[in-house]
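Hi everyone, thanks for coming. Let's take a few minutes to look at some aromatic rings and the nonpolar cores together.

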Amino acid sequence: MSIGETKYSKRYNFSWPKSEIIKSCLAAKYHRGVDQHGIQWPVDEAPVPTTSWSKALSKVTQTPLNQMKFSKVHSGGLPIHRDHSKLCSLNFPLVGDFSNSSIIFVDDFNEPLEEISGEEVYLINTRQLHGVKNETEKERITLTIGFDSPYKIIKERLHTI
């Protein structure tokens with residue numbers, strides 16, 4: 001069920017086992033994230049384990065487990081970038097101060113286009129320039145599901161869930 005939409009993001013009111021997923025994300029072994037050229041980014045990533053919740057999520061989203069990961073952004077945030085490994089992503093906020101940290105979208109001249117925050121599940125268009133503002137002292141951990149299909153197509157597919 002959709003609860004809010006902007007040009008580059010859409011929020012959903014999904015029912016999901018947040019406490020179980022948080023236990024998995026806190027037990028995960030993280031490593032520094034890298035781009036397609038092997039250059040490190042200021043984000044830590046961990047694979048999603050095979051569990052009853054991850055198998056169910058894989059089935060519902062029609063996405064293999066290897067396209068799911070935990071993503072940890074530290075205080076300070078993540079610089080403006082465009083993802084090359086996925087066209088859009090569905091994000092489940094797990095740990096952090098999501099009311100006081102946000103995803104920001106900018107144009108090619110670094111002018112702000114929109115900003116989203118909050119604890120709802122959200123789909124973002126990762127082909128648009130974006131970054132994470134985290135001016136809190138808390139790490140921000142999300143479960144991220146990457147899609148190879150364009151934002152518009154995934155947005156319509158998720159509308160039926």
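Let me start with Trp53 and Phe70, both buried, where buried means under 20% relative accessible area, exposed over 50% and partly exposed in between, with a 1.4 Å probe and protein chains only. Before going on: this is a predicted model, so local features need pLDDT of at least 70 and side-chain atom pairs pLDDT 80 or more, while totals for chains, interfaces and linings use all residues. Residues are numbered from 1 along each chain as its sequence is written, and side-chain values use heavy atoms, without hydrogens or water.

How many aromatic pairs does the structure hold? There are 4, a pair being Phe, Tyr or Trp rings (six-membered ring for Trp) with centres within 6.5 Å; planes under 30 degrees apart are stacked, over 60 edge-to-face, and the rest tilted. One of them is Tyr8 with Phe105, stacked at 5.5 Å centre to centre and 25° between the planes. Those two partners sit 97 residues apart, with Phe105 in strand E8 (residues 101-106); strands are DSSP runs of E, at least two residues, and helices runs of H or I, at least four, numbered from the N terminus. Tyr8 is buried at 12% relative accessible area, and Phe105 is buried at 0%.

Back to Trp53 and Phe70: they form a tilted pair, 6.4 Å between centres and 50° between planes.

Now the cores, meaning buried Ala, Val, Leu, Ile, Met, Phe, Trp, Tyr and Cys residues joined through side-chain atoms within 4.5 Å. The largest has 25 residues, and Phe70 is among those with the most contacts inside it. Apart from it lies another core of 10 residues, including Phe105.
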